[in-house]
Amino acid sequence: MKRLKINYLLIGLITVLLALALWPSIPWYGGGKDALSQIKSRGVLRISTVNSPLTYYTINNAPAGMDYELAKRFADYLGVKLEVTVRPNLGDLFDDLDDGKADLLAAGLIYNGERLAHYQSGPSYYSVSQQLVYRIDKPRPKNLGDLKGRLIVQSGSAYLSTLRSAKADSYPDLDWAISTDQGQKALLEAVADGKLDYTVGDSVTIGLLQRIHPQLAVAFDVTDEEPVTWYLPRNDDDSLNAAMLDFYSQMGEEGAMARLEEKYLGHVGTFDYVDTRTFLRAIDSTLPDIKPLFEKYAASMDWRLLAAISYQESHWNPQATSPTGVRGMMMLTRNTADSLDVNDRLDPEQSIRGGSEYLKRMMEKVPDTIPDDERIWFALAAYNMGYAHMLDVRKLTAKQGGNPDSWADVKLRLPMLSQKRYYAQTTYGYARGHEAYNYVENIRKYQISLVGYLQEQDKRLAQQSALEAELGAGYPAVEPKIAMN
């Protein structure tokens with residue numbers, strides 16, 4: 001019996017020693033491992049974000065957005081999968097960090113010193129200014145002391161510390177309310193719809209939403225430009241932040257960050273209220289009749305992009321004719337139409353079919369070295385000014401030290417094709433490159449407006465149906481929760 005006890009003791013001791021030896025290789029999710037090791041052991045990078053026109057959204061049932069794409073690349077860099085949780089407001093986002101449900105927040109959040117007591121920030125990946133917005137048909141306030149109506153801002157946002165500082169320093173009578181259940185996008189839409197007098201938002205989100213809600217107007221900048229960053233838990237563990245710094249550095253060296261910024265931010269630009277409003281009206285009045293044609297002939301292209309191209313060409317006017325002789329919905333030349341078997345350029349179906357086929361030919365000629373998601377912009381430039389001039393501008397870009405396969409670099413050289421000091425260096429000479437630049441940028445803006453506007457229509461129809469169902473069941477409508485300052 002005594003020998004048996006000794007054997008048990010020896011077995012127990014060996015088990016403890018073996019466990020200690022194997023401990024570092026056991027894929028625990030907690031314990032003494034640093035954050036980066038936990039993520040790699042888990043095989044998943046968990047991010048929390050919000051749904052917005054920039055950070056995260058779905059298109060054709062696939063996820064998209066600048067923060068999503070950047071986070072996906074970071075997960076690939078770490079060799080793990082990406083898990084995305086979408087939250088309705090900032091409070092829930094930071095709760096995920098506090099509760100250990102997220103490794104980081106990737107939601108287009110402005111750098112805010114007040115948050116650093118509990119969280120650490122990652123590298124900056126773009127900059128925004130805080131802006132006060134109002135509805136365009138209302139009086140425009142000149143400053144925060146000139147507000148005549150309700151100002152509501154999102155709970156937990158960086159805007160609150162800005163307003164508190166403004167109240168303490170310059171505007172003692174400044175007052176506002178805090179929305180606890182509406183995010184920035186919802187508040188901006190409330191201003192556009194005339195349900196709210198003012199709110200504060202970031203310049204990029206506002207610029208994107210104006211493509212869908214042109215009634216949304218900027219009164220003034222509340223702050224200068226500020227960095228946008230990801231957030232992580234604050235502790236003595238810097239492993240994940242160190243990996244993030246290395247990832248961002250690599251993205252910058254490879255030009256990948258510049259391409260990502262161009263993809264999501266490069267077309268925000270200036271806002272034209274009249275043009276945007278005219279386009280949205282055309283979506284309601286003209287598009288429904290010709291939408292089936294775009295869907296039929298878009299092939300592998302998103303039909304909404306083909307529709308945006310057609311609007312840029314002719315404003316969806318099948319009888320459109322230019323002084324140079326191009327005609328129809330896709331403004332085809334006679335020679336191009338003949339090569340595409342288009343007998344009647346003024347026939348909408350023939351024109352759309354021909355334009356789609358011609359653009360497909362341009363896409364096939366674009367060099368394979370150009371990334372897939374940028375090939376369309378090179379093809380459109382060639383569609384507008386000719387393929388030979390597109391080759392010229394790529395060579396000019398390389399000659400000046402830019403990347404000829406990057407649309408962000410190439411588009412900056414397009415206007416040079418109309419300046420003698422530059423086109424004299426090219427093979428095919430003068431071209432209206434500034435027109436090609438505007439052509440592509442306008443199409444990108446129209447596509448954003450069209451996609452966003454149609455999504456808003458679908459969302460409102462779904463909300464209306466849900467509300468009617470609730471009222472039919474006897475449930476009262478619930479008002480948004482507002483906490484007074």
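**Reading a predicted model: annotated site, cores and sheets**

User: Where does UniProt place the feature "active site", and in which helix is that place?

Analyst: The unreviewed UniProt entry puts the feature "active site" at Glu313, and in this predicted model the place of Glu313 is in helix H12, which covers residues 303–314.

User: Which residues does Glu313 touch, not counting residues up to four places away in sequence?

Analyst: With those sequence neighbours set aside, Glu313 touches Met329, Met330, Met331, Tyr383 and Tyr439.

User: How should I read the largest nonpolar core, and which of its residues touch the most other members?

Analyst: The general idea is that in soluble globular proteins nonpolar side chains tend to be buried together. Here the largest nonpolar core has 56 residues, and those touching the most other members are Ile283, Phe294, Ile309, Trp316 and Leu380. Several helices, including H10 (273–285), H12 and H19 (433–473), each supply at least two residues of this core, while H15 gives the most, with nine residues. Trp316, leaving aside its neighbours within four places in sequence, is in contact with a set of residues that includes Phe279, Ile283, Ile290, Phe294, Tyr311 and Met329. Apart from this core lies another, of 55 residues, among them Ala166, Phe247, Met251 and Leu265.

User: In what order do the five strands of the open sheet stand, and why is one side of E4 and of E6 left without a neighbour?

Analyst: In general, the strands of a sheet pair through backbone hydrogen bonds, either parallel or antiparallel. In this case the five strands form an open sheet in the order E4-E1-E5-E12-E6, with mixed pairing. Strand E4 (81–86) and strand E6 (119–128) stand at the edges and each has a single partner strand, so one side of each is without a neighbour in the sheet. Within the sheet, E1 (residues 44–49) and E5 (residues 104–110) run parallel and are joined by two bridges, and the bridge partner of Ile47 in E5 is Leu104. Helix H8 (residues 239–254) lies across E5, E6 and E12 (226–233), running at about 20 degrees to E6.

User: How is the pairing in the open sheet of three strands, and which helix lies across E7, E10 and E11?

Analyst: The three strands stand in the order E10-E7-E11 with antiparallel pairing, and the twist averages 45 degrees from one strand to the next. Five bridges join E7 (residues 130–135) to E11, where Gln131 stands opposite Asp221. Helix H6 (residues 184–192) lies across E7, E10 and E11, and runs at about 125 degrees to E10.

Technical notes
Residues numbered from 1 in each chain as written. Predicted model: local features only at pLDDT ≥ 70, side-chain atom pairs only at ≥ 80, totals over all residues. Heavy atoms only, no water. UniProt positions renumbered as here; feature names shortened; annotations may be inferred. Helix = DSSP H or I, 4+ residues; strand = E, 2+ residues; numbered from the N terminus. Contact = heavy atoms within 4.5 Å. Core = buried A, V, L, I, M, F, W, Y, C linked by side-chain atoms within 4.5 Å. Buried < 20%, exposed > 50% of the residue type's maximum accessible area, 1.4 Å probe, protein only. Pairing = 2+ DSSP bridges. Axes fitted to C-alpha atoms, helices over the stretch in contact; angles between N-to-C directions.
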